[in-house]
Amino acid sequence: MPGPERISVLMLEDDPSFGGVVAEELRARGHTVEVTASVADARERVRKGSYDVALLDLHLPDGSGLDVLREISAEELPIEALVLTGHAEVPTALEAMRLGAYDYISKPPVFEELFVLTAKAAEKGRLRRENAALRVRLRRHEPMGGFVTQDPATRQMLATLERAAAAVLPVLIEGETGTGKELLARAVHEHSPRSVFPFVPINCAALPENLIESELFGHERGSFTGAVERKTGLFEVATRGTIFLDEIGELSLPLQSRLLRVLETQEFFRVGGTRPVRVDVRVVSATNRDLHAEIEAGRFRDDLFYRLHGIALRVSPLRERRLDIPLLARHFLDRNANRRMLDPAAIEVLSSYDWPGNVRELEMVISRAAVLSLGATIRPEDLPVEVRPSAAPRVLRTDLTLAEMEREYVRAMLEKNRGHRGRTATALGIDPKTLYNKLQSWGVTEEN
Ligand SMILES: Nc1ncnc2c1ncn2[C@@H]1O[C@H](COP(=O)(O)OP(=O)(O)OP(=O)(O)O)[C@@H](O)[C@H]1O
Ligand SMILES: [Mg+2]
């Protein structure tokens with residue numbers, strides 16, 4: 001958490017002794033204060049100046065503090081307002097809140113309360129500005145097909161994708177789980193001349209082996225028991241559009257051969273059919289496996305691989321483009337029309353987590369936090385424990401020996417890296433072998 005900040009305050013107050021005391025107290029706390037007794041002057045100043053907080057009295061010789069508040073609200077000025085009300089002024093106080101005041105304080109105020117509220121109002125303004133800045137960046141990085149990123153390499157990948165979309169070439173998208181492969185596949189379709197025709201996703205991993213042929217290519221009536229009607233296969237449904245072969249790495253070898261033949265000959269037979277059907281589809285496929293390794297292992301046909309990857313694109317895991325984390329978090333909140341703000345400390349926590357489930361995991365964490373957080377702001381404590389850094393002592397402990405301290409620290413880092421020793425060693429800045437030796441000397445074996 002950032003420490004107390006210097007707050008710039010504009011005070012509208014015509015009682016010089018009261019205004020003087022408040023100003024003096026605020027200055028004593030390191031803040032800057034300007035005092036004016038004129039509504040006209042205050043309106044001028046809020047428009048031109050750069051104040052964090054306006055402290056507005058209601059009754060002034062030339063009008064009301066509410067007029068300044070109206071100005072702030074109409075112009076959407078980046079200032080938080082606190083209104084000082086008399087005792088019997090509840091309706092006015094409510095009106096002030098309706099106009100967007102941060103809070104109201106009845107006069108004479110308890111000074112401590114006034115200072116706390118001023119600090120809180122300033123903090124809210126800061127959050128508002130930071131979140132507004134995120135939104136501006138979101139807009140500037142107008143996502144292709146809803147794929148949000150400000151990572152330079154990923155933006156380059158998107159540019160390639162956009163160019164590839166216009167061509168008929170097959171596209172192969174590789175990336176870890178939850179990195180947005182399906183989103184990109186849809187974007188390819190949307191940005192292609194085929195976008196008015198169907199986009200047909202097929203999850204190769206979810207299709208039962210014995211049905212996959214008939215699902216893909218259809219069947220003729222009576223071609224097998226249960227085939228009472230002629231069935232149109234997904235390849236036909238996708239005619240002139242795009243077929244998305246998701247999790248292509250899961251396709252069995254016999255089906256890989258079948259698919260390859262279809263792609264090569266541009267035609268196929270329905271199950272039990274005798275007349276060839278012409279194929280007019282664009283093929284986009286995706287996998288979270290390393291297809292090269294699959295080919296090496298003899299589980300994937302290399303000739304099919306070359307057919308599928310007219311253009312191959314690799315989506316980076318989220319941990320390799322951490323710049324995108326705050327942007328995506330804001331994006332997911334906005335998409336759910338959720339006005340909650342992200343506390344910078346929460347952004348920091350999100351940014352240092354490794355996201356094994358990538359963007360999908362982030363999306364779930366944000367949705368959950370949006371539902372569970374009680375205030376207007378999402379704070380670190382609203383995030384699930386597995387995302388938060390381990391509860392390593394924030395305060396440096398002074399009751400441990402150096403050796404105990406080292407052990408404690410290594411344990412915390414291991415926990416933070418979810419037991420991954422390679423990453424823990426990197427984070428500690430030591431050789432994996434050194435880490436291994438240390439763990440061994442402490443009797444930590446592979447199992448614990
Ligand atoms: N860059 C992004 N911008 C906005 N939303 C994204 C982005 N990347 C992923 N998402 C969202 O994250 C979720 C997961 O994305 P998607 O289903 O496309 O991932 P995937 O790579 O196909 O995952 P899997 O390998 O598990 O099938 C979706 O809700 C998607 O809209
Ligand atoms: Mg997917």
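Me: How does helix 3 pass helix 4, in a left-handed or a right-handed crossing?
Reply: Helix 3 passes helix 4 in a left-handed crossing, meaning that the near helix is turned anticlockwise from the far one by less than a right angle (clockwise would be right-handed). Helices here are DSSP runs of H or I with at least four residues, strands are runs of E with at least two, and both are numbered from the N terminus.

Me: What is the model, and how are things numbered?
Reply: This is a predicted model, where local features need pLDDT of at least 70 and side-chain atom pairs pLDDT 80 or more, while totals for chains, interfaces and linings use all residues. Residues are numbered from 1 along each chain as written, chains are lettered from A and ligands numbered from 1 in written order, and side-chain values use heavy atoms, without hydrogens and water.

Me: Back to the pair. At what angle do helix 3 and helix 4 pack?
Reply: Helix 3 (residues 65–74) and helix 4 (residues 90–98) pack at about 15°, with axes 10 Å apart. They are therefore roughly parallel, a label for angles under 35 degrees. Axes are lines fitted to C-alpha atoms over the stretch in contact, with angles from 0 to 180 degrees between N-to-C directions.

Me: Which residues in helix 3 and helix 4 meet?
Reply: Leu 66, Leu 69 and Arg 70 of helix 3 meet Thr 92, Glu 95 and Ala 96 of helix 4; contact means heavy atoms within 4.5 Å.

Me: Salt bridges next. What does the count come to?
Reply: The count comes to 36 salt bridges, each a side-chain nitrogen of Lys or Arg within 4 Å of a carboxyl oxygen of Asp or Glu.

Me: What does Arg 128 form a salt bridge with?
Reply: Arg 128 pairs with Glu 80, with the closest N and O atoms 2.9 Å apart. Arg 128 is in helix 5 (residues 111–140) and Glu 80 in strand 6 (residues 80–85), so the bridge ties together parts 48 residues apart in sequence.

Me: Is Glu 80 buried or exposed?
Reply: Glu 80 is buried at 2% relative accessible area, whereas Arg 128 is partly exposed at 41%. Buried means under 20%, exposed over 50% and partly exposed in between, using a 1.4 Å probe and protein chains only.

Me: Where does Arg 339 lie?
Reply: Arg 339 lies in the loop between helix 13 (324–335) and strand 17 (341–342). Arg 339 is exposed, at 63%. Leaving aside neighbours within four places in sequence, Arg 339 is in contact with Arg 135 and Arg 330.

How values were computed: Parallel < 35°, antiparallel > 145°, perpendicular 65-115°, else oblique.
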